[in-house]
Amino acid sequence: MRKQFAVIGLGRFGSSVCKELYKLGHDVLAIDNNEEKVNNMTQFSTHSVIANGTDENALHSLGIRNFDFVIVAIGDNIQSSILCTLILKEMGVKNVWVKAQNYYHHRVLEKIGADRIVHPEQDMGIRIAQHLVSEKIIDYIELSDEYSIVELIASEKVAGKSLAQLDIRAKYGCTILAIKRNKDINISPFPQDLIDKNDILIVIGHKNDLKRFEEEGL
Ligand code: ADP
């Protein structure tokens with residue numbers, strides 16, 4: 001279903017969120033107070049406007065209240081990011097996602113009702129580090145302090161075996177959500193499905209169990 005998004009702040013983070021949402025077929029309003037940033041986004045958004053994210057009247061006249069999601073991606077200017085978030089929540093925007101700059105920024109955003117707070121640099125750093133330490137890990141998504149989803153490359157050890165034979169859930173406490181093979185993806189695979197070498201396994205579980213599976217099971 002087509003959703004309505006507004007992205008405020010079109011730096012590296014905001015502009016890539018904006019482009020991707022637009023590419024996925026959603027309506028995206030791109031906002032920045034810098035004309036050049038707005039012009040760069042015209043072909044990657046439904047509408048792009050020059051406006052100050054801390055100007056309540058401007059946000060009001062853009063009808064920001066009616067958007068399903070508003071992403072506040074104002075970078076370094078923590079004060080503007082906080083004020084913008086506060087205005088959006090006071091106006092009654094349902095879902096406000098904000099990029100936080102640091103821990104204190106995060107805490108203030110939490111207090112004023114931001115619905116989701118993201119730390120893209122830190123998250124990406126963790127994912128890259130995970131990838132660096134193990135050539136089996138392709139991607140890594142942290143769900144909570146304890147649980148994650150990882151993409152692992154199937155080694156020789158599991159090649160030609162079925163999920164039932166491997167019995168990963170009983171042995172390691174992790175669950176294979178999907179198996180990617182070249183361009184095909186098998187979601188919710190059956191126990192009799194076989195794994196090939198170099199398949200990509202998308203696995204969910206406790207971090208300790210995932211580590212054990214990666215080190216001993218693959
Ligand atoms: P990133 O780290 O994602 O590249 P930047 O700090 O470079 O973040 O980008 C933040 C963007 O937010 C810039 O394009 C800047 O012009 C914009 N911005 C800053 N303050 C405001 C504001 N009050 N209203 C709208 N846009 C703003």
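Helices (H or I, at least four residues) and strands (E, at least two) are DSSP runs, numbered from the N terminus. Angles run from 0 to 180 degrees between N-to-C directions, with axes fitted as lines to C-alpha atoms, for helices over the stretch in contact. Two residues are in contact if their C-beta atoms, placed from the backbone, lie within 7 Å.

The model is predicted: local features need pLDDT of at least 70, side-chain atom pairs count only at pLDDT 80 or more, and totals for chains, interfaces and linings use all residues. Residues are numbered from 1 along each chain as its sequence is written.

Two strands pair if DSSP finds at least two bridges between them.

Strand 9 (residues 175-181) pairs with strand 11 (residues 200-206) over 5 antiparallel bridges. There, Ala-178 has Ile-202 of strand 11 as its bridge partner.

Asn-182 sits in the loop between strand 9 and strand 10. Its phi is near 50°, a positive value in a residue other than glycine. Asn-182 counts as exposed, with 9 C-beta neighbours inside 10 Å. A residue is buried if 20 or more other C-beta atoms lie within 10 Å of its own, exposed if 12 or fewer, and partly exposed in between, with C-beta atoms placed from the backbone. Asp-167 is in the loop between helix 7 (163-166) and helix 8 (168-172). Phi of Asp-167 is also positive, near 50°. Asp-167 is partly exposed, with 13 other C-beta atoms within 10 Å.

A sheet of 6 strands is open and parallel, in the order 3-2-1-4-5-6. Strand 3 (47-50) and strand 6 (116-118) stand at its edges with a single partner strand each, so one side of each is left without a neighbour in the sheet. The twist averages 15° from one strand to the next.

| Strand pair | Bridges |
|---|---|
| strand 2 and strand 3 | 4, parallel |
| strand 1 and strand 4 | 4, parallel |
| strand 4 and strand 5 | 4, parallel |

Ala-30 stands opposite Ser-48 in strand 3. Val-7 stands opposite Ile-71 in strand 4. Ile-71 also has Trp-97 of strand 5 as a bridge partner.

Strand 4 is covered on both faces. Phe-69 and Ile-71 are buried on one side, Val-70 and Val-72 on the other.

## Cores

A nonpolar core is a set of buried Ala, Val, Leu, Ile, Met, Phe, Trp, Tyr and Cys residues joined through C-beta atoms within 7 Å. The largest has 32 residues; Ala-6, Val-7, Ile-8, Val-70, Ile-71 and Val-72 have the most contacts inside it. At least two residues each come from strand 1 (4-8), helix 1 (12-23), strand 2 (27-32), strand 4 (69-72), helix 4 (78-91) and strand 5 (95-99). Leaving aside residues up to four places away in sequence, Val-72 touches Ile-8, Gly-9, Gly-53, Ser-81, Cys-84, Thr-85, Val-96, Val-98 and Lys-99. A second, separate core of 18 residues includes Leu-166, Ile-176, Leu-201 and Leu-210.

## Domains and whole chain

The chain is divided into domain 1 (4-118) and domain 2 (123-217). Domain bounds come from an automatic or database domain assignment. The C-alpha centres of the two domains lie 35 Å apart.

In an unreviewed entry, UniProt lists "domain: RCK N-terminal" at residues 2-118. This span is 40% helix and 23% strand, with end C-alpha atoms 23 Å apart. UniProt, again in an unreviewed entry, gives "domain: RCK C-terminal" as residues 135-218. Residues 135-218 are 24% helix and 37% strand, and the end C-alpha atoms lie 12 Å apart. UniProt positions follow the numbering used here, feature names are shortened, and annotations may be inferred rather than shown by experiment.

Overall, the protein chain has 9 helices and 11 strands. Its C-alpha trace spans about 65 × 35 × 30 Å along the principal axes. Buried residues make up 31% of the 218 residues. Among contacts between residues at least 6 apart in sequence, 55% join residues at least 24 apart.
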